[in-house]
Amino acid sequence: MVTVSMEMQILFAGLLFLTGLVGFLVRRNIIFMLMSIEIMLNSAALVFVIAGSHWMQTDGQVMFIFILTVSAAEVSVGLALILQMYHHFKTLDADALKKLRD
Amino acid sequence: MNSIFYIAASVAVLSSVMAITNRNAIHALLYLIISLLSVSVVFYILGAPLIAALEVIVYAGAIMVLFIFVVMMLNIGMEEEIEKGWLTPKMWIVPAILAAILMGIFIYVLKVFHTETTGTEIISPKDVGVSLFTTYLIAVEIAGVLLLAGIVGAYHLGRQQKKVIHRFLVKDGSDKKEVT
């Protein structure tokens with residue numbers, strides 16, 4: 001179907017991962033940090049699918065489904081934690097959590 | 001086909017960059033949905049139609065709706081002071097140059113060494129399903145347990161706490177003020 005070299009595809013996944021990593025490090029809003037984690041997970045799953053497509057095995061796509069499951073569980077728990085944080089501190093700034101009391 | 005891959009990949013990277021640099025959370029989420037949709041196009045091109053459908057349905061359909069739900073619930077929109085300082089050029093120009101050097105080395109290595117094409121055949125959803133429920137059956141069960149733990153954890157954490165956090169603390173008095 002497609003004749004793009006595998007290196008270009010890995011490069012694409014790496015760029016996506018880099019974007020997520022930079023977003024995680026730069027932003028202090030905790031919703032944006034969670035979104036960056038989503039981008040990183042998505043790019044990691046993309047590498048699995050690329051490799052599975054390269055060797056024509058189904059294992060990469062199976063791994064994608066598992067990563068999807070992990071991501072869904074992580075997002076639900078993370079958003080519940082964000083709600084609790086907003087109720088306690090009335091802010092979404094991650095630096096507000098650096099005092100480990102109350 | 002190749003140009004479709006490159007277009008979808010650039011749309012994905014650009015919308016991801018827009019998503020993490022946007023100030024408004026809802027706009028950032030919309031950019032993130034665009035990024036996920038273009039990654040789904042890439043999956044389809046790579047010969048994984050089941051994964052492309054799952055990406056649209058689960059990621060862009062379910063997980064992003066959760067995000068939008070929470071953002072709408074919290075009614076946020078203001079940005080913080082520290083982030084403003086971190087997004088100025090003089091903070092990130094030197095690390096960006098260093099990272100660009102490494103990126104150049106990476107691209108050079110990709111250019112010089114042997115390249116091979118991929119995705120010459122479509123892997124049908126049937127094969128994926130067969131592999132999922134024979135070879136990886138125990139992993140599917142473990143994933144089910146993980147989802148159950150996620151449900152229980154989200155329910156437990158998402159509950160409204162009782163008004164009195166600690167028996168020595170008053171309801172919403174001075175202790176909240178000094179934390180925020």
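Guide: Two residues are in contact if their C-beta atoms, placed from the backbone, lie within 7 Å. Leaving aside neighbours within four places in sequence, B:Ala143 is in contact with A:Phe66 and A:Thr69. This is a predicted model, in which local features need pLDDT of at least 70, side-chain atom pairs count only at pLDDT 80 or more, and totals for chains, interfaces and linings use all residues. Residues are numbered from 1 along each chain as its sequence is written, while chains are lettered from A and ligands numbered from 1 in the order in which they are written.

Visitor: Why is B:Ala143 counted as partly exposed?

Guide: A residue is buried with 20 or more other C-beta atoms within 10 Å of its own, exposed with 12 or fewer, and partly exposed in between. B:Ala143 has 18 such neighbours, so it is partly exposed. This alanine lies in helix H7 of chain B.

Visitor: What makes A:Val4 buried?

Guide: A:Val4 has 24 other C-beta atoms within 10 Å and therefore counts as buried. The residue stands in the segment before H1 of chain A, where, beyond four places in sequence, it touches A:Gln9, B:Asn2 and B:Phe5.

Visitor: How do you know which elements chain B contains?

Guide: Helices (H or I, at least four residues) and strands (E, at least two) are DSSP runs, numbered from the N terminus. By this rule chain B has eight helices and zero strands. Of the 180 residues in chain B, 24% are buried. Among its contacts between residues at least 6 apart in sequence, 54% join residues at least 24 apart.

Visitor: Where in chain B is confidence highest, and where is it lowest?

Guide: Confidence is given by pLDDT, the predictor's score for each residue, from 0 to 100. Its mean is highest in helix H7 (residues 137–158) of chain B, at 93, and lowest in helix H8 (residues 174–179) of chain B, at 48. Over residues 174–180 of chain B it stays under 50. For chain B as a whole the mean is 80, and 76% of the residues reach 70 or more. The model scores ipTM 0.90 and pTM 0.80.

Visitor: How many residues does each chain bring to the contact between them?

Guide: Chain A brings 62 residues and chain B brings 66. On the side of chain A that touches chain B, helix H1 (6–26), H2 and H3 of chain A each give two or more residues. H3(A) gives the largest share, 24 residues. Ala, Val, Leu, Ile, Met, Phe, Trp, Tyr, Cys and Pro count as nonpolar, Asp, Glu, Lys and Arg as charged, and the others, Gly among them, as polar. That side of chain A accordingly divides into 36 nonpolar, 18 polar and eight charged residues.

Visitor: Why are H1(A) and H1(B) called roughly parallel?

Guide: Axes are lines fitted to C-alpha atoms, for helices over the stretch in contact, and angles run from 0 to 180 degrees between N-to-C directions. Angles under 35 degrees count as roughly parallel, over 145 as roughly antiparallel, 65 to 115 as roughly perpendicular and the rest as oblique. H1(A) and H1(B) pack at about 5°, with their axes 9 Å apart. The pair is therefore roughly parallel. Residues making this contact include A:Phe12 and A:Leu15 of H1(A) and B:Ala9 and B:Val13 of H1(B). By class, the contact has nine nonpolar, three polar and no charged residues.

Visitor: How do you know the orientation of H3(A) and H7(B) to each other?

Guide: The axes of H3(A) and H7(B) cross at roughly 10° and come within 8 Å. These two helices are therefore also roughly parallel to each other. A:Phe66, A:Thr69 and A:Ala73 are among the residues of H3(A) in this contact, and B:Ala143, B:Leu146 and B:Gly150 are among those of H7(B). The residues here divide into 15 nonpolar, six polar and no charged.
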